[in-house]
Amino acid sequence: GAVTAQRFDPKTFTLSGQPISIADGALLSVSDNGLLVYRKPVAPPAARQLTWFDRNGKPTGQLGASGNYGDIQISPNGDRVALDIIDPGVARDIWVIDVARAVLSRVTLEMSDDWNPAWSPDGSRLVFASAGQGGTHIHTKSATGAGTEDLVFQSDSNEIPTDWSPNGRYI
């Protein structure tokens, strides 16, 4: 519904002045000195279509159905695409699409948000960011989805992997 703000006196517990309309469904917070900050609601991510392009930038075909896709990365031999899919209100998870069959398989199953997948050099594993355990940390899991997620690195900071080196030594 509509969110309004109005001057409030904490000593007398009374309102004064006219209410001011902020926005429908906004999230807000007020500081001790009366500064109001709010975030307007955002629409769910728009469905995106994965599309192949040639080296000249011409579309050559589509891969799978449209969806709420986030980060994507093609496997080292080009036979699969790892991506995260955003399910608003639920979680963001890592999935893999088999390019030849256009079959989508889920890799991560936990309720934490997982994103930014990157392939191991041999294409057997994925490394990704996972927002669980008190922050965002680097995890890895079999690209087939079998087995458990393994914590690779955790510090007091948030970590998000961007790639896995070709020799496999660095993430």
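Predicted model: local features only at pLDDT ≥ 70, side-chain atom pairs only at ≥ 80, totals over all residues.
Strand β9 (residues 91-98) and β10 run antiparallel and are joined by 4 bridges. Strands here are DSSP runs of E, at least two residues long, numbered from the N terminus. Two strands count as paired if DSSP finds at least two bridges between them.

Residues are numbered from 1 along each chain as its sequence is written, and side-chain values use heavy atoms, with hydrogens and water left out.

Now the whole chain. The protein chain has 14 strands and 0 helices. Of its 171 residues, 32% count as buried. Buried means under 20% relative accessible area, exposed means over 50%, and partly exposed is in between (1.4 Å probe, protein chains only). The accessible surface comes to about 11000 Å², and carbon and sulfur atoms hold 53% of that. These areas come from the Shrake-Rupley method with a 1.4 Å probe. Among contacts between residues at least 6 apart in sequence, 24% join residues at least 24 apart. A contact here means heavy atoms within 4.5 Å.

Back to β9 and β10. They belong to an open sheet of 4 strands, in the order β7-β8-β9-β10, with antiparallel pairing. β7 (69-74) and β10 (103-106) are the edge strands, each pairing on one side only. From one strand to the next, the twist averages 25°. The angles behind such values run from 0 to 180 degrees between N-to-C directions, with axes taken as lines fitted to C-alpha atoms.

The structure holds 6 salt bridges. A salt bridge is a side-chain nitrogen of Lys or Arg within 4 Å of a carboxyl oxygen of Asp or Glu. Asp 93 forms one with Arg 106, and the closest N and O atoms are 2.6 Å apart. This pair links distant parts of the chain: Asp 93 sits in strand β9 and Arg 106 in strand β10, 13 residues apart. Asp 93 has a relative accessible area of 4%, so it is buried. Arg 106, at 35%, counts as partly exposed. Asp 98 and Arg 101 meet in another salt bridge, at 3.6 Å from N to O. Asp 98 is partly exposed at 22% relative accessibility, and Arg 101 is exposed at 58%.

Asp 84 deserves a look of its own. Its place is in strand β8 (residues 80-87). Its relative accessibility is 0%, so Asp 84 counts as buried. Asp 84 is linked with Asp 71 and Arg 92 in a network of salt bridges. A polar atom of the Asp 84 side chain also lies 3.0 Å from the backbone nitrogen of Asp 71. Beyond neighbours within four places in sequence, Asp 84 is in contact with residues including Asn 68, Tyr 69, Ile 94, Asp 114 and Trp 115.

β11 pairs with strand β12 (residues 125-132) in the antiparallel sense over 5 bridges. Asp 114 has Ser 130 of β12 as its bridge partner, and Asp 113 has Ala 131. The hairpin of β11 and β12 has 5 residues between the strands, and there Gly 123 takes a positive phi near 75°. β12 then pairs with strand β13 (residues 135-142), again antiparallel, over 8 bridges. Val 127 stands opposite Thr 140 in β13. β12 is mostly covered, with 6 of its 8 residues buried.

The side chains of Arg 125 and Asp 150 meet at 3.1 Å, N to O. Arg 125 is in strand β12 and Asp 150 in strand β14, 25 residues apart. Arg 125 is partly exposed at 25% relative accessibility, and Asp 150 is partly exposed at 35%.

Last, the loop between β13 and β14 holds Gly 147. With 61% relative accessibility, Gly 147 counts as exposed. Gly 147 and Thr 108 lie 39 residues apart in sequence and 9.9 Å apart in space, C-alpha to C-alpha.

Key: Polar contact = N/O pair within 3.5 Å; in protein donor to acceptor, adjacent residues only side chain to side chain.
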